[in-house]
Amino acid sequence: MKFTLSYFTQILTKHYIKLYLALYVCSITMRLLLISLFLVLSSIAVLAQQYTISGRVEDASNGETLIGATILVKGGGGAITNEYGFYSLSLEEGSYTLTYQYLGYEDVIKTVNLSKSKTINVDLAPASTEMETAIITAKSSERKVENKKISVVKMEASKIKEIPVIFGEVDILKTITLLPGIQSAGEGNSGFNVRGGSQDQNLILLDEATVYNASHLLGFFSVFNGDAVKDLEVYKGGIPAKYGGRLSSIVDIKMRDGNNKRFAGIGGIGTISSRLTLEGPIVKDKSSFMVAGRRSYADIFLPLAPDETIQESKLYFYDLNLKANYELSDKDRLYVSGYFGRDVLGLSELFSLNWGNATATLRWNHIVNDKLFVNTSLVYSDFNYGFDVKFAENANFGLDQAINDVYIKSDWTYFKNQNSKLNFGAQAIYHRFNPGLFAANNEESEAVFSEIQLEKKKAFETGWYVDHEYKFNKRLNVRYGLRLSSFSNIGGSEYTYSKNPETYEPIQELTTKDSFASGEIYNTYAGLEPRAAISYNLTTSMAVKGSYNRTFQYIQQATNTASAFPTDQWFSANLNIKPQRADQVAVGLFKNFDIGLETSAEIYYKWMENQIDYRDNASIAFNENLDGELLVGKGWAYGAEFYVAKSEGKTSGFVSYTWAKTMREIEGISGGNPYVANFDRRHNLSVVLTQKFSKRVLATASFVYSSGQPLTTPVGKFFYNGKWTPLYGDVRNNYRIPAYHRADIGVTIKSKEKPDKRFKSNWNFSVYNLYNRENPYAIYFDVVEEADLDKNPGAVVGETAAFQTTLFKIIPAITWNFEF
């Protein structure tokens with residue numbers, strides 16, 4: 001190609017908007033960071049004239065810290081508790097009236113004469129049912145939109161439990177897919193896609209530990225026990241600088257700390273599984289513990305099956321959540337938590353599949369002074385999976401794969417004053433990848449199979465960030481920050497590929513291998529990630545907001561389907577694979593009404609670079625040359641999200657609608673032309689309605705609709721090995737499967753409450769897929785036979801036709817829940 005001036009002009013014109021936006025935002029972010037530093041330094045003289053009120057806000061009934069509690073100063077100003085229930089408020093000398101608030105709790109009002117800095121810890125008591133309704137109604141006219149963050153979803157565990165799901169099991173991840181911008185990966189899958197991103201572009205954190213696979217029973221349920229969850233926050237955009245490592249979203253889940261007032265329990269016996277959570281004080285008002293366990297028991301009934309093969313099969317999952325905390329002093333608190341879960345599926349002795357997560361977090365909260373708070377964590381995360389296959393009597397082999405991380409992080413918050421808060425910190429992660437160990441499981445098998453270990457990989461990832469939240473006045477708020485991330489490959493070997501220009505298949509004769517010493521850092525990537533969000537209150541009930549964020553992703557998952565599976569391999573950026581990068585902008589309008597309605601509308605656009613997909617006929621399972629199967633290009637996604645919610649009164653609920661489009665353009669796929677991504681769904685609608693008939697009876701109904709997923713259809717067929725086989729063309733994802741829709745209902749009946757009894761219970765009755773819709777789980781193509789005519793009446797024997805697989809029709813479920 002001849003590089004002329006006109007050639008460069010065309011390139012610059014084509015990418016002008018993206019280049020200008022990225023450079024402009026980086027410039028603005030750097031300027032704002034310098035301004036914030038100036039504001040902090042210039043405030044030293046002012047700080048001497050102010051005093052600080054700081055402390056924690058907790059639930060009076062169990063000692064749980066309250067995240068996002070509001071502290072209002074009469075006459076103007078205030079503060080909000082952070083994720084550990086801590087707040088800090090700087091005021092000039094004088095007398096003040098402070099109101100401590102949290103939705104569903106009774107207010108606490110304190111009068112403070114401020115002549116020196118003070119520590120004030122406050123316990124808020126949960127309101128009774130009647131009082132709670134009155135509080136919510138009274139505050140509806142005061143509810144402001146300024147505390148709502150653009151592209152952020154926050155849900156309470158109590159609300160999640162009201163929504164009916166399959167088999168009556170409370171499922172956090174399936175519930176968030178009812179919200180705008182978050183699309184379910186499909187029925188029988190706990191995965192989700194956010195604003196045009198693939199499933200592996202979502203970072204799921206449980207008490208700061210990465211959960212690499214969040215599914216039980218191949219995706220029918222998520223790994224999160226609703227009884228053990230305290231708080232859930234999802235960032236679809238406007239991601240704070242403290243988070244990194246994924247392109248599309250952050251799902252931050254925090255476990256309950258445990259009741260430090262008294263011993264208590266909560267649990268349930270359901271259609272497919274049972275659960276039990278126990279919590280209580282270790283030292284009253286000073287430390288506590290929480291233990292939550294859950295197990296399915298479908299395998300208990302397998303011995304009753306008439307088929308002997310099924311009798312000897314295995315089908316179950318379990319998970320265990322553990323947490324404890326101890327207050328070392330007024331300024332120090334130590335937390336330790338862990339999650340351990342596993343799935344086991346087996347068909348007699350012929351085949352078995354198992355996978356599981358293990359996480360551990362050691363966390364230290366320290367109040368340096370009344371303005372400076374720090375949290376330091378040491379975290380471990382492991383995900384491993386494998387399968388065993390019996391190929392002859394007393395002879396079988398297995399495959400094991402894994403990824404695990406060890407990392408340390410420290411997050412600091414400096415509460416300068418009511419209008420300014422500075423966040424900064426760093427983290428370092430050591431990744432280890434085991435792409436596969438293929439080995440015999442006994443001596444008889446060793447005579448047939450030799451052990452094969454694909455080369456293990458290691459990498460080191462770091463992140464440094466600074467983030468400033470500043471309130472200029474009652475109308476204008478900004479948050480801006482910068483993150484510096486890096487990723488280094490350590491030791492091992494790398495392949496260099498030359499590919500066939502027609503098939504893009506690696507040419508084995510031209511493939512070379514480079515080896516590096518153990519511990520040698522032979523490749524490093526780094527990137528600056530500016531983040532910014534702005535909010536302008538048009539009125540006390542209406543605001544316009546915008547955000548921009550750049551994110552890098554250094555590890556990803558090898559899957560060539562719309563739905564990821566536990567056995568899909570994780571791998572990292574290297575000499576052949578550059579890190580993925582995304583830039584996203586979003587603008588939204590938020591409006592609240594006095595009648596209790598909250599509404600929002602957002603539009604977004606996302607540019608993605610170094611997106612991967614697989615060449616036609618790619619081999620990705622147990623492949624040492626996986627990099628050679630990859631093709632790299634770009635992607636983009638855009639859409640509009642609408643949300644209307646009613647949170648007060650006997651009738652409540654929400655309506656969520658998303659219009660979205662997700663595209664990819666990769667040389668070697670669809671002739672190098674743009675094509676829709678595997679998980680592109682144009683329309684997504686969710687309607688949830690909750691009706692409180694009385695103190696004891698609650699009913700919930702939901703309806704979901706989504707466009708069908710893209711599908712590549714065959715253009716012909718050929719006869720091979722005695723069977724007709726479909727032949728696929730060059731165009732990928734040229735068809736859509738039928739749309740998905742269903743309705744669910746649920747009714748909860750509470751037992752009569754007795755004043756002198758702590759034990760409470762309720763019965764939940766639910767019906768999944770109320771009108772028995774046969775939704776498509778998969779579409780496959782095959783030659784029609786006589787036996788297929790009942791399933792496909794319009795087909796012709798001998799011709800190739802499409803066949804649909806359906807997972808679930810109508811499913812009733814019953815669950816007994818209790819607490820004491």
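A polar contact is a pair of N or O atoms within 3.5 Å; within protein, one must be able to donate a hydrogen and the other to accept it, and residues adjacent in sequence count only if both atoms are side-chain atoms. The model is predicted, so local features need pLDDT of at least 70 and side-chain atom pairs pLDDT 80 or more, while totals for chains, interfaces and linings use all residues. Residues are numbered from 1 along each chain as its sequence is written, and side-chain values use heavy atoms, without hydrogens or water.

**View 1. Asp 207 and the backbone of Met 255.** The Asp 207 side chain reaches the backbone nitrogen of Met 255 at 3.0 Å. Beyond four places in sequence, its contacts (heavy atoms within 4.5 Å) include Lys 323, Ser 337 and Arg 363.

**View 2. The loop and sheet around Asp 207.** Asp 207 lies in the loop between S12 (202-206) and S13 (209-210). Strands are DSSP runs (E, at least two residues), numbered from the N terminus. S12 and S13 pair (at least two DSSP bridges) in the antiparallel sense, over 2 bridges. Leu 206 stands opposite Ala 209 in S13. The open, mixed sheet has 5 strands, ordered S9-S16-S17-S12-S13. S9 (152-155) and S13 are the edges; each has a single partner strand, so one side of each lacks a neighbour in the sheet.

**View 3. Val 336 in strand S22.** Strand S22 holds Val 336.

Technical notes. Helix = DSSP H or I, 4+ residues; strand = E, 2+ residues; numbered from the N terminus.
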